[in-house]
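Let's take a walk through a protein model together. Keep the structure open beside you and follow along.

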Amino acid sequence: DSRNVCEKSLFVPLVGEFQDGHKYVPGAVESGASVVLINHSEYEKNPSVYDDLCRNKGVLIICVENTLHGLQDAAEKYVSKFPNLTKISVTGSSGKTTTKELLVSVFVSKFGDDVVYTKGNFNSETGLPLSVFNIRENHKFGIFEMGMNRKGEIAELASVLYPQYGIITNVGTAHIGILGTRQAIAEEKKQIFKFFNSKAFGYIPSDDDFADFLAESKGNIKKVSQDFISDVKFSGLEGTSFKYKGENINFSLCGKYNLKNALSVISLAEDLGLTPAQIKTGLETVKTIFGRNQIVKKDFTFILDCYNANPDSMKASVEFCSEVECAGKKVFVLADMLELGDESEKAHKEIAEIVEKSSADYVIFFGEEMSKA
């Protein structure tokens, strides 16, 4: 983002569907960028512009075939400067940001500022490379989220990070309009393990339809179940309590789906030497982020679980809200789910059928796709 350029920085102009970042290069240089990556084709179109920047501004211009790949290659090289960093990655059709936040809470409660991690949801082909440039010498653990909206993206991100530990939260139907089938989505998510060696560890939910397929990967792949916890009690909006190796844990996030995410986090943290007490602290102090399992209590109680919904996450949210007991009325507000392609009409109708059987008193369907349900 050219608006964030500071002195002695590297500026990478990206070419998108509607914008070409090359037009912001002069402004970035004025703001202090000292090195700029540009596409070779752009230089061939405007050589005098870039030659002048070199001569008159002392800027180093580096030509590459593709600035996005150049950014990723630079990020990969940067990560390799920190061989002692333990690198942890998270992907999945839904729940990956929440799972990343759980990992961060657990590891920060023990290691504090020695943990570097994805801020917000900077998990894309550009977001992950930008995130890894925050790694510094003092960091012992790096926790990074990997998202995707096209075939091959997870493999690209894995080639930047080379994670040693990886969690796949689930294989759902998010982006099915792009990839076509859940099998194709599973194949894409599986790429998080692509660069694993015999010392690497992967974690997948044992009850996922594609658990066996995902487990056919390099490294030590663990199918995570609920077997190692006991006395599980779901308390609606108050979260979930359970016992883990002598610790009574009051997990603040609500819903069965969040407990499943926590189980993978517990397994990973345990393998990295954290004690049950340390894991308990992290799980009990985790904070939700906007739009994901966010509960706002005022005159009314609002449950905001609306970030980039897909059929699996919406079904889980509807079922959870249907189970929650309340003294007043329940109002569900459901908006369109995007990137579902030919599956869209069917998916929206299935949600409508679930809502019809729910405990909602009123339902508002919002959007063109929902109107067909």
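In which helix does S264 lie? S264 lies in α11, a helix covering residues 256-271. Helices here are DSSP runs of H or I with at least four residues, strands are runs of E with at least two, and both are numbered from the N terminus. Before we go on, a bit of housekeeping: this is a predicted model, where local features need pLDDT of at least 70, side-chain atom pairs count only at pLDDT 80 or more, and totals for chains, interfaces and linings use all residues. Residues are numbered from 1 along each chain as its sequence is written, and side-chain values use heavy atoms, with hydrogens and water left out.

Back to S264. Is it buried or exposed? With 4% relative accessibility, S264 is buried; that label means under 20% relative accessible area, while exposed means over 50% and partly exposed is in between (1.4 Å probe, protein chains only). If you skip the neighbours within four places in sequence, S264 is in contact with I167, Y203 and V224, where contact means heavy atoms within 4.5 Å.

Now look for an open sheet of three strands, in the order β1-β2-β3 with parallel pairing. Two strands pair if DSSP finds at least two bridges between them. β1 (9-11) and β3 (60-64) stand at the edges with a single partner strand each, so one side of each has no neighbour in the sheet. From one strand to the next, the twist averages 20°. Strand β2 (residues 33-39) runs parallel to β3, and five bridges join them. Lying across β2 and β3 is helix α4 (residues 67-79), which runs at about 130° to β2. Angles like this run from 0 to 180 degrees between N-to-C directions, with axes being lines fitted to C-alpha atoms, for helices over the stretch in contact.

Y162 has a phi near 50°, a positive value in a residue other than glycine. Find Y162 in the loop between α7 (153-161) and β7 (165-168), where it is partly exposed at 36% relative accessibility. K245 also isn't glycine, and its phi is positive too, near 45°. This residue sits in the loop between β11 (240-244) and β12 (247-251), and K245 counts as exposed at 55% relative accessibility.

Last stop: strand β16, where you'll find I364. I364 is partly exposed, with a relative accessible area of 43%.
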